[in-house]
Amino acid sequence: MSRDIKIAPSILSADFGHLADEITAIDKAGADYIHIDVMDGHFVPNISFGAPVYKCVRSATKKFFDVHLMIAPTDAYLKDFVDAGADGITVHAEAGPHLHRSLQTIKSLGVKTGVAINLSTPNDVLTSVMDMVDMVLVMTINPGFGGQKFVPSSLDKIRDVRRRITESGYDIDIQVDGGITAETAPQVIEAGANVLVAGTAVFKDGPSGYAKNIEAIRGNN
Ligand code: DX5
Ligand code: ZN
């Protein structure tokens with residue numbers, strides 16, 4: 001099945017001093033999703049921002065707020081993230097303690113569900129939750145920081161996840177995150193990804209470059 005490619009700029013690389021303007025700019029530049037990286041300094045070695053921050057910029061766009069939680073545990077905060085304006089929430093399979101329960105909670109809150117897997121996480125963790133997942137996020141770096149180099153071994157993980165999804169018969173997107181550029185994008189798309197997160201490669205040139213950068217990642221030069 002051929003899927004539309006969606007580009008999800010990560011606001012981790014935006015100018016936090018002008019976050020609402022930055023979100024308006026990537027919306028106008030053709031972003032499909034707004035990727036929101038929440039980090040707790042515990043699950044990953046970096047702290048970004050939480051629900052109160054993105055709640056303040058929710059009105060800057062109508063686009064899909066794609067919230068990537070790099071926090072552990074997650075469950076006590078899921079309602080706050082939805083109330084702040086998330087359209088979809090992705091939790092890491094490693095965040096624990098009960099992935100199935102976290103996904104049940106996200107579904108019950110009425111938003112899309114995502115499961116992220118790290119480079120070292122066996123893809124088998126997906127087997128028992130395939131029926132409750134809208135998107136699998138295959139990390140293409142170790143999470144925690146923007147600007148890292150794409151890890152090529154992630155391509156085999158993406159292929160294996162795509163095979164599992166096809167065999168399951170469910171309609172599940174594959175998102176990739178980390179080191180995605182106009183050069184690595186064709187590789188991850190070929191492997192089966194259809195939602196591409198990019199921070200550095202979108203925001204690198206300032207607002208006048210956003211549209212060009214998004215289209216280059218999408219494959220339209
Ligand atoms: C890292 C985040 C990413 C990050 C990607 O843990 O999940 O979304 O912003 O940044 P780039 O595109 O610069 O690798
Ligand atoms: Zn992310």
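**Reading a ligand and its pocket**

Analyst: This is a predicted model. The shell around ligand 1 is made up of eight nonpolar, ten polar and two charged residues.

User: Which residues around ligand 1 come nearest?

Analyst: The shell counts 20 residues, and Asp37, Gly144, Asp177, Gly199 and Thr200 come nearest.

User: Which elements supply the shell around ligand 1?

Analyst: At least two residues each come from β2, β3 and β8. The largest share, three residues, is from β2.

User: Which atoms lie close to the oxygen atoms of ligand 1?

Analyst: A polar side-chain atom of Thr200 is 2.5 Å from an oxygen atom of ligand 1. For Asp37, a polar side-chain atom is 2.7 Å from an oxygen atom of the ligand. Gly147 uses its backbone instead: an N or O atom there lies 2.8 Å from a ligand oxygen atom. Of the 380 Å² of accessible area that ligand 1 has on its own, the protein covers 99%.

User: How is empty space found in general?

Analyst: A probe the size of a water molecule is rolled over the atoms, and this shows where empty space is left. Here, the space that ligand 1 takes is the largest pocket, with a volume of about 270 Å³.

User: What lines the largest pocket?

Analyst: The lining has 26 residues, with Gly146, Gly147, Gly178, Gly179 and Gly199 nearest the pocket centre. By class, eleven are nonpolar, twelve polar and three charged. β2 (33-39), β3 (64-70), β8 (195-198) and α7 (200-203) supply at least two lining residues each.

Definitions and conventions. Residues are numbered from 1 along each chain as its sequence is written. Chains are lettered from A and ligands numbered from 1 in the order in which they are written. This is a predicted model: local features need pLDDT of at least 70, side-chain atom pairs count only at pLDDT 80 or more; totals for chains, interfaces and linings use all residues. Side-chain values use heavy atoms; hydrogens and water are left out. On a 1 Å grid over the protein atoms alone, a cavity is a set of points where a 1.4 Å probe fits but cannot get out, and a pocket is an open set with protein on both sides within 12 Å along at least five of seven lines; lining residues have an atom within 4 Å of a point. Grid points are joined across faces, edges and corners, and a volume is the space filled by probe spheres set on the points. Helices (H or I, at least four residues) and strands (E, at least two) are DSSP runs, numbered from the N terminus. Ala, Val, Leu, Ile, Met, Phe, Trp, Tyr, Cys and Pro count as nonpolar, Asp, Glu, Lys and Arg as charged, and the others, Gly among them, as polar. A residue is near a molecule or strand if one of its heavy atoms lies within 4 Å of it. A polar contact is a pair of N or O atoms within 3.5 Å; within protein, one must be able to donate a hydrogen and the other to accept it, and residues adjacent in sequence count only if both atoms are side-chain atoms. Accessible areas come from the Shrake-Rupley method with a 1.4 Å probe; for residues, only the protein chains shown count as cover. A molecule sits in a cavity or pocket if more than half of its atoms lie within 2 Å of its grid points.
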